[in-house]
Amino acid sequence: MKCAGDIDLRDVEESTINIDPIQAGGRLTAEAMKALIAYGDGYSVCDHCRSPNRLDYIKKPPIDRFHRDLAEFVNMDVVRVVPGARRGFQAVADTYVEKGDPVLVTALSHYTEILAIEARGGIPREIPASEGNIITPDATAEKIEAVARETGKTPPLLFLDHVDYSYGNLHPVKEITRVAHQYDIPVLLNGAYTVGIMPVDGKDIGVDFLVGSGHKSMAAPAPSGILAAREERAREVFRTTAARTDVTGRTFGIKEVEMMGCTLMGATLVGMMASFPAVRERVKHWEDELENTMLVVDSLVRISGTRILSQYPRQHTLTRVDTTESFDRVAAKHKKRGFFLSSALAARGISGIIPGATKVWKFNCYGITRAQAEHVAHAFLEIARENGIPVS
């Protein structure tokens, strides 16, 4: 079936158990799908935009209330919706980073954080990860001291990932933030893999900024995200324009410079709003998600030669696994080569593992049911046995 022309109808979520590492938390609710149709036109949310003519003041649909609810949800003072987490990184970097500034990231940071720094002419400086791929407070302090000695400057900003995209490891954010604040360095927390799927309390962990991704973890259409700030920082990053043009003398009221006036509009915004009640409810069931993940992880561990490279036991549903000594040995002799694994999974109704990957790969069990987790766990064992890999 086609949507139109040569565009196939996508039915991955309807026809398979999708354990793709970056798609799991973003699959839409039925309510968001309806919102996509109703608010697909670009300016669909602007029908009732009245003075002061800014997105977060619109009452119908209740965008103003949604902003307040979002702030309460993550326990921060001010929130804006943005077209993807990366635009949140960019807004904060634009506010604080000057050319030549050393800016702290980590060895596990997402590349978009580094691009945001580069765009400002800043110099990314990485905090190394520990042997178990954890960012520690001690390593943070050592890096700050090293950068200060080398450049004579204290970094103006620290980008920190709540859960990193490589290993799905949960880092000690509260302790790291405490260290950064001892040097008066504000902290931006990248919650792309946490906000919307597990409880996140921005003030409890002490960060200055909290960024979330709608299409990764809030069951929202892409590109969408949030940028939350504490009150004292909100005045800086959400500053309003002071510009006056020289010929006409125009000014632009309360438009926010870093938000380029209005930000996320139309179907992406209303899709996020439509899913929000479900998102707010689902974070209460995080422990169930971890149990389902451990069911699959423990199944993989039983396959001889397989190693879990992420934290164990799991504290997040995104998991990195090494099957170089198990499935990859099969791939070396199999007629389908490395594609045998994804093919065998597809035959069992499971998708999301990169086709051809049999060495190191990732999966994410977020949002699947207990029965589906049991099916995935059994499938890995069955594929191993069929291909002569010992299973304990």
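The following exercises, each with a worked solution, concern the structure shown above.

The model is predicted, so local features need pLDDT of at least 70 and side-chain atom pairs count only at pLDDT 80 or more, while totals for chains, interfaces and linings use all residues. Residues are numbered from 1 along each chain as its sequence is written, and side-chain values use heavy atoms, with hydrogens and water left out.

**Exercise 1. Salt bridges**

Task: State how many salt bridges the structure holds, and describe the bridge between Asp-77 and Lys-203.

Solution. 

Step 1. A salt bridge is defined as a side-chain nitrogen of Lys or Arg within 4 Å of a carboxyl oxygen of Asp or Glu. The structure holds 25 of these.

Step 2. In the bridge between the side chains of Asp-77 and Lys-203, the N to O distance is 2.6 Å.

Step 3. Asp-77 lies in the loop between H3 and strand S4 (78–82), whereas Lys-203 belongs to helix H8 (residues 202–205), so the pair ties together parts that are 126 residues apart in sequence. Helices (H or I, at least four residues) and strands (E, at least two) are DSSP runs, numbered from the N terminus.

Step 4. Relative accessible area is classed as buried under 20%, exposed over 50% and partly exposed in between (1.4 Å probe, protein chains only). Asp-77 is partly exposed because its relative accessibility is 31%; Lys-203 is partly exposed at 33%.

**Exercise 2. A salt bridge within a helix**

Task: Explain how Arg-370 and Glu-374 are placed in helix H15, and give the distance at which their side chains meet.

Solution. 

Step 1. The side chains of Arg-370 and Glu-374 form a salt bridge with an N to O distance of 4.0 Å.

Step 2. Both residues lie in helix H15 (residues 370–386); because they are four residues apart, about one helical turn separates them.

Step 3. Arg-370 is partly exposed, with 41% relative accessibility, and Glu-374 is partly exposed, with 43%.

**Exercise 3. Aromatic pairs and charges over rings**

Task: Classify the ring pair of Trp-361 and Phe-363, and name the residue that lies over the face of Phe-238.

Solution. 

Step 1. Rings of Phe, Tyr and Trp (its six-membered ring) pair if their centres lie within 6.5 Å; planes under 30 degrees apart are stacked, over 60 edge-to-face, and the rest tilted. A search of the whole structure finds nine aromatic pairs.

Step 2. The rings of Trp-361 and Phe-363 have centres 6.1 Å apart and planes at 50°, so this pair is tilted. Both Trp-361 and Phe-363 are buried.

Step 3. The two residues also belong to a cluster, in which ring pairs link Phe-327, Phe-340, Trp-361, Phe-363 and Phe-380.

Step 4. A charge sits over a ring if NZ of Lys or CZ of Arg is within 6 Å of the ring centre and within 35 degrees of the ring normal. Arg-80 lies over the face of Phe-238, at 5.0 Å from the ring centre. Arg-80 is also part of a network of salt bridges with Arg-54, Asp-56 and Glu-256.

**Exercise 4. Helix packing**

Task: Describe how H3 packs with helix H11.

Solution. 

Step 1. Two packed helices are described by the angle between their axes and the distance between the axes. Axes are lines fitted to C-alpha atoms, for helices over the stretch in contact, and angles run from 0 to 180 degrees between N-to-C directions.

Step 2. H3 and helix H11 (residues 266–282) pack at an angle of about 40°, and their axes are 11 Å apart.

Step 3. This angle makes H3 oblique to H11; angles under 35 degrees are roughly parallel, over 145 roughly antiparallel, 65 to 115 roughly perpendicular, and the rest oblique.

**Exercise 5. Backbone geometry**

Solution. 

Step 1. Most residues other than glycine have a negative phi, and most peptide bonds are trans.

Step 2. Pro-52 lies in the loop between H2 and H3. The peptide bond from Lys-60 to Pro-61 is also cis, with omega near -5°.

Step 3. Asn-75 is partly exposed at 29% relative accessibility.

Step 4. At 18% relative accessibility, Asn-133 is buried.
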